[in-house]
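Open the model in your viewer and keep the sequence beside it. We will go stop by stop, selecting a few residues each time.

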Amino acid sequence: RSGRADVVTLTVGELSPDDVSELVSEKLCLPRRYASELADLVHGKTRGNPFFVIQFLRSILQRKILTYSVRHRRWTWDMVAVDMQMISEGVAELLVTRFSQLPSSLMQTVKIVSCLG
């Protein structure tokens with residue numbers, strides 16, 4: 001073993017409004033016509049950044065803005081509350097939470113690597 005590893009760079013571009021609509025529709029198991037308003041708002045807040053889209057959806061789910069209604073038998077949300085969410089706060093909060101759950105040895109490595117840019 002030489003200690004070398006092959007590194008593959010995968011470039012992911014922005015998601016189009018249609019891509020976000022499809023993702024939201026599939027994740028919530030809803031027809032696009034029901035999910036389109038939420039998808040448009042999510043796309044606008046995240047500018048189609050795939051990472052931010054997923055993190056934003058997780059954020060509104062954790063904050064109980066996006067909930068499953070047993071009565072309606074589908075996912076529901078408060079558009080005003082979704083609109084009021086700041087993407088930077090939600091993503092930053094989720095990242096801090098995730099980093100705090102890492103083992104200390106891995107967190108130390110992340111700290112060192114972050115200094116490299």
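Predicted model: local features only at pLDDT ≥ 70, side-chain atom pairs only at ≥ 80, totals over all residues.

Select L95. At 30% relative accessibility, L95 counts as partly exposed, because that class lies between buried, under 20% relative accessible area, and exposed, over 50% (1.4 Å probe, protein chains only). L95 sits in helix α5, residues 87–100. Helices here are DSSP runs of H or I with at least four residues, strands are runs of E with at least two, and both are numbered from the N terminus.

Residues are numbered from 1 along each chain as its sequence is written, and side-chain values use heavy atoms, with hydrogens and water left out.

**Stop two: the core**

Select V24, L38, I60 and V82. They have the most contacts inside the largest nonpolar core, which has 19 residues. Such a core is a set of buried Ala, Val, Leu, Ile, Met, Phe, Trp, Tyr and Cys residues joined through side-chain atoms within 4.5 Å. Four helices each supply at least two residues of this core: α1 (17–27), α2 (32–46), α3 (50–62) and α4 (79–84). Which helix gives the most to this core? It is α2, with 5 residues. In soluble globular proteins, nonpolar side chains tend to be buried together.

Stay on L38. Leave aside its neighbours within four places in sequence, and L38 is in contact with V24, L28, I60, W77, M79 and V82. Contact means heavy atoms within 4.5 Å.

**Stop three: α1 against α2**

Show these two helices. At what angle do α1 and α2 pack? The angle is about 125 degrees, and the axes are 8 Å apart. Axes are lines fitted to C-alpha atoms, for helices over the stretch in contact, and angles run from 0 to 180 degrees between N-to-C directions. The pair is therefore oblique: angles under 35 degrees count as roughly parallel, over 145 as roughly antiparallel, 65 to 115 as roughly perpendicular, and the rest as oblique.

Now select the contact residues. From α1, take P17, D18, V20, S21, E22, V24 and S25. From α2, take R32, A35, S36, L38, A39, V42 and H43. Colour them by type: 7 are nonpolar, 4 polar and 3 charged. Ala, Val, Leu, Ile, Met, Phe, Trp, Tyr, Cys and Pro count as nonpolar, Asp, Glu, Lys and Arg as charged, and the others, Gly among them, as polar.

Pick out S21 in helix α1. Is S21 buried or exposed? At 8% relative accessibility, S21 counts as buried. Not counting residues up to four places away in sequence, S21 touches R32, S36 and A39.

**Stop four: α1 against α3**

Keep α1 and bring in α3. Their axes come within 12 Å and cross at roughly 40 degrees. V20, L23 and V24 in α1 meet V53, I54 and L57 in α3. This contact has 6 nonpolar residues, no polar and no charged.

**Last stop: two loops**

Select R47, in the loop between α2 and α3. R47 has a positive phi of about 55 degrees although it is not a glycine. R47 is exposed, at 65% relative accessibility.

Finish at K64, in the loop between α3 and β1 (66–69). Its phi is near 60 degrees, a positive value in a residue other than glycine. K64 is exposed, with a relative accessible area of 65%.
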